[in-house]
Amino acid sequence: MTFASNFYLFQSKAASWRDTLQMGTDRTDSDKVPEFLRSELFELDQHIKQLGETLMEILCEGLGVEINRLKNMACSERRHLAGHYYPYFPEPNRTVGTKFHTDPSVFTILLQDHIGGLQVKHGEDWVDVKPLDGALVINIGDILQIMSNDKYLSVEHRVVANSFRKPRISIAIFFNPGNMEIKYGPLPELITPPLKLAIYKQFTMEDFMMKFRSKGLDGKSSLVDYFLL
Ligand SMILES: O=C(O)CCC(=O)C(=O)O
Ligand SMILES: [Fe+2]
């Protein structure tokens with residue numbers, strides 16, 4: 001479990017105006033998770049896992065691959081929660097809530113409250129993702145972009161600094177692959193030369209995490225670019 005107010009506070013040009021509490025929700029038995037919230041977190045995680053796996057089936061259907069393909073590659077096995085708290089900031093043009101980035105995950109399930117501030121890049125424009133009561137936002141992440149060989153593209157997004165007089169709260173749950181032994185990359189059944197060639201190389205999650213840590217939270221993925229063939 002970690003608590004931080006920036007991705008890399010000392011390397012970033014601007015500090016993100018937020019505090020973030022992060023924890024792996026697939027390891028709620030760990031003594032790193034305070035005992036008083038272990039059972040609630042476990043219950044939340046069961047629901048999230050089920051929802052994530054249903055989404056994976058739908059995404060596999062969209063790709064035209066066997067519906068359990070992503071699940072069988074352990075894509076629902078690592079679940080990581082980030083609880084963000086964006087305090088009121090009186091000069092919203094001077095910094096951001098969360099700098100623009102794509103999520104490195106397979107995908108992310110995001111719950112935002114009614115304050116708003118999340119934006120996605122559409123062409124050259126930033127478009128507000130307006131809060132909708134009871135709705136969850138699903139962000140495609142870099143790993144799914146690579147596994148789908150660019151059929152699904154990871155979404156560039158950011159959060160503007162919160163100029164409302166109340167704090168904004170959001171909860172993101174990242175789904176990450178959990179198998180450290182196998183290689184990830186474009187699913188072979190999507191590659192049918194000479195018409196469809198693989199765009200990315202195969203890599204282990206260790207390679208991927210090493211690259212992610214060295215890159216930081218910075219713009220549209222040099223992370224996916226790094227794995228281009
Ligand atoms: O706070 C939000 O709405 C988005 C947070 C986010 O993009 C992230 O945690 O990766
Ligand atoms: Fe994100």
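This is a predicted model: local features need pLDDT of at least 70, side-chain atom pairs count only at pLDDT 80 or more; totals for chains, interfaces and linings use all residues.
In what order do the four strands of the open sheet lie? The four strands form an open sheet in the order 4-9-6-7, with antiparallel pairing. At the edges are strand 4 (96–101) and strand 7 (125–128), each of which pairs on one side only. On average, neighbouring strands of this sheet are turned by 30° against each other, direction ignored. As background, strands of a sheet pair through backbone hydrogen bonds, and the pairing may be parallel or antiparallel.

Next, select residues 118–122, which make up strand 6, and residues 157–160, which make up strand 9. Three bridges pair these two strands in the antiparallel sense. To view one pair of residues, select Leu118, which stands opposite Val159 in strand 9.

**Second stop: the iron ion**

Now select ligand 2, the iron ion. Which residues coordinate the iron ion? They are His101 through NE2, Asp103 through OD and His157 through NE2, at 2.1 to 2.2 Å. Along the sequence, the spacing of these donor residues is H-x1-D-x53-H. Asp103 belongs to the loop between strand 4 and strand 5 (107–112), while His157 belongs to strand 9, so this pair ties together parts that are 54 residues apart in sequence.

Are Asp103 and His157 buried or exposed? Asp103 has a relative accessible area of 3% and is buried, because buried means under 20%. His157 also counts as buried, at 5% relative accessibility.

**Third stop: the annotated region**

Select residues 75–177. The UniProt record, an unreviewed entry, places the feature "domain: Fe2OG dioxygenase" there. Over residues 75–177 the chain is 6% helix and 46% strand.

- Strand 2 (residues 19–24) and strand 3 run antiparallel and are joined by six bridges. Here, Leu21 has Gly83 in strand 3 as its bridge partner.
- Strand 3 pairs with strand 10 (residues 168–176) in the antiparallel sense over nine bridges.
- Strand 5 and strand 8 pair in the antiparallel sense over four bridges. Phe107 stands opposite Ile140 in strand 8.

Select His84, which lies in strand 3 (residues 78–86). His84 counts as buried, at 11% relative accessibility. Which residue in strand 10 stands opposite His84? The residue is Ser170. The side chains of His84 and Thr20 are joined by a polar contact of 2.7 Å. Leaving aside neighbours within four places in sequence, His84 is in contact with Arg18, Asp19, Thr20, Arg168, Ile169 and Ser170.

**Last stop: backbone geometry in the loops**

Most residues other than glycine have a negative phi, and most peptide bonds are trans.

Select Asn149 and Asp150, both found in the loop between helix 3 (142–147) and strand 9. What is the phi of Asn149? Asn149 has a phi near 55°, a positive value in a residue other than glycine. Asp150 is not a glycine either, and has a positive phi of about 75°. In accessibility, Asn149 counts as buried at 9%, whereas Asp150 counts as partly exposed at 29%.

Finally, select Pro193 and Pro194. The peptide bond from Pro193 to Pro194 is cis, with omega near 5°. Pro194 is found in the loop between strand 10 and helix 4 (205–215).

Definitions and conventions. Residues are numbered from 1 along each chain as its sequence is written. Chains are lettered from A and ligands numbered from 1 in the order in which they are written. Side-chain values use heavy atoms; hydrogens and water are left out. Two strands pair if DSSP finds at least two bridges between them. Axes are lines fitted to C-alpha atoms, for helices over the stretch in contact, and angles run from 0 to 180 degrees between N-to-C directions. Donors are N, O and S atoms within 2.8 Å of the metal (3.2 Å for Na, K and Ca); water is not among the atoms, so sites may look incomplete. Buried means under 20% relative accessible area, exposed over 50%, partly exposed in between (1.4 Å probe, protein chains only). UniProt positions are given in the numbering used here, feature names are shortened, and annotations may be inferred rather than shown by experiment. A polar contact is a pair of N or O atoms within 3.5 Å; within protein, one must be able to donate a hydrogen and the other to accept it, and residues adjacent in sequence count only if both atoms are side-chain atoms. Contact means heavy atoms within 4.5 Å.
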